[in-house]
Amino acid sequence: MNKKLWIGSDNKIVPVMCMITFIVIIWYGFSIVLNAPWEFDKAKRSSITLSTTELVSQTWSQKRPKLPAPHQITKEIWDTTVNKKVTSKRSLIYHGLITFYETIYGFAFGTGLGILLSIGIVYNKATAMSVMPWIITSQTIPILAIAPMIVVALGSAGFSGLMPIVIISMYLSFFPVVVGMVKGLKSPEQLEVDLMKTWSASKTQVLFKLRAPKSTPYLFTSLKLGMAASVVGAIVGELPSGGGGGLGFRMLSGSTFGNTLHIWSGLFSAAILAGSLISIIIIIERVVLKRMALET
Amino acid sequence: MFYERVFVVQSEVIKVSNLDLTFEASDGPVHALKNVNLKINKGDFVSFIGPSGCGKTTLLRVLADLDEPTNGQVTVNGVSPRVARESRAYGYVFQAAGLYPWRNIAANIKLPLEIMGYSKEEQVKRIKKVLDLVELTGFEKKFPWQLSGGMQQRASIARALAFDADILLMDEPFGALDEIVRDHLNKQLLELWKSTQKTICFVTHSIPEAVYLSTKIVVMSPRPGRIIDVIESTLPSDRPLEIRDSKDFVKISQRVREGLRAGHSDE
């Protein structure tokens, strides 16, 4: 296999590792600063003076820290993935899988809707003029405001469980696909379109033999943005749904009960989920564009 | 008499009468073509020559139904350019090769055949035949970016030839190529024209190219775009490259040059 297909090659590892080390050091610093008041309080109450080493070691090992240290989060993730049954509600994998399914369905429907809308917009002026303003308006409404309404409205119509969350995820992810694909489908040059005309190609032939292949690079860019939006949509959708589980639910309950470790481990899992899904798209993108000789 | 008339009607492939074409630009109308009259017979090799802005490309686009005239009559094979286009009467070669980068050379040539619904075996047969005609056999699997400019243009000519249209419309196909490659392609094009008996309309701004290739040279002039001279070539049909040093060749070249100059001094 070509080495370029893999992310992280091309000697990017050294600068990336440097950056991560830097962030981790700052993080440890902040967890001392933010967790120290609690330790001082405790020490004052039992009239002890803390040595620096004691202070540092205690701020890094609190049960409910203001800011957990990286190793605490790592341990929490380890405990709630490897050491728990997947079916347990305390398992991050359990919650991660729920969010994963919501994301994938939301992404699939969002991408489908986005592609259909973009074809409608490119091929039909009436569609372009009537639909485009609504598409843009839809994205100016804060998702946090509209998510509970969707959950309530669909709930009263008898739809609960994954469905409202998938719709919220779709609502966020179709937009980058529409915008990108409208641009992509319009990207053929005049010459390429004229050629099709000289052969009296039908509209469908122009779509499948010229516009679609020409827009492939745009499609992948849109898919990456759409996937990130789907993850956000799924997590935001879980917040007002309650009870159903998922990484968003886990973070919300962590916040309700003041369990910062749950919040941070949920957050990291969401980031890992989004990162992996986008990496998969990037790998497919490289293979496809290379095959199509469209690599830039 | 009767037979003669039938012959005349059949041999006339393109007829343009009183053609006007005006573009609406922001600073007023632009007369791209004004009062153009022209007849092209079957098997003619017609060159359109003139400075930029004389409407030679526009005229070719009107024949191909890519632009619509404001006034006047155009017939291609006795029907309107639109009907002719829909019956796939012509192959068009643009200034740029315009090969689709995601398709290899064979797949690019296959594209019009796919669109026109040729069978798989027929496609394979025709691809082989036209690649042979333009001397690109062996390059089927190459992608456009792997080929030189001249080879790309030859592939685009092969693509225009693949579906056997009687008319070939070529818009400065060799304009971007260097002179050595151009000479070679001109010679190949002449041989191709002789062996296929097609009617070719060829836009150029090179006098030697026009004189060397054509049976008929149409000299055009800008503002407004119009025809100022139509020269029937006196050169023999057999034309080695050395013919460009002959007396006849020089004489025709001079007449073209005078036409071009006259068009300019009008201003």
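This is a predicted model: local features need pLDDT of at least 70, side-chain atom pairs count only at pLDDT 80 or more; totals for chains, interfaces and linings use all residues.
Reading along the sequence, chain A runs α-α-α-α-α-α-α-α-α-α-α-α, and the count is 12 helices and zero strands, where helices are DSSP runs of H or I of at least four residues and strands are runs of E of at least two, numbered from the N terminus. Residues are numbered from 1 along each chain as its sequence is written, chains are lettered from A and ligands numbered from 1 in the order in which they are written, and side-chain values use heavy atoms, with hydrogens and water left out.

As for overall dimensions, the C-alpha trace of chain A spans about 90 × 55 × 35 Å along its principal axes. Buried residues, meaning those under 20% relative accessible area with a 1.4 Å probe and protein chains only, make up 41% of the 296 residues in chain A.

Let me turn to one helix pair. The axes of H8 (residues 190–198) and H9 (residues 203–214), both of chain A, come within 11 Å and cross at roughly 160 degrees, which makes H8(A) roughly antiparallel to H9(A), a term for angles over 145 degrees. On the H8(A) side the contact (heavy atoms within 4.5 Å) is made by Glu192(A), Val193(A) and Met196(A), and on the H9(A) side by Gln205(A), Val206(A), Lys209(A), Leu210(A), Arg211(A) and Lys214(A).

How values were computed:
Axes are lines fitted to C-alpha atoms, for helices over the stretch in contact, and angles run from 0 to 180 degrees between N-to-C directions. Angles under 35 degrees count as roughly parallel, over 145 as roughly antiparallel, 65 to 115 as roughly perpendicular and the rest as oblique. Buried means under 20% relative accessible area, exposed over 50%, partly exposed in between (1.4 Å probe, protein chains only).
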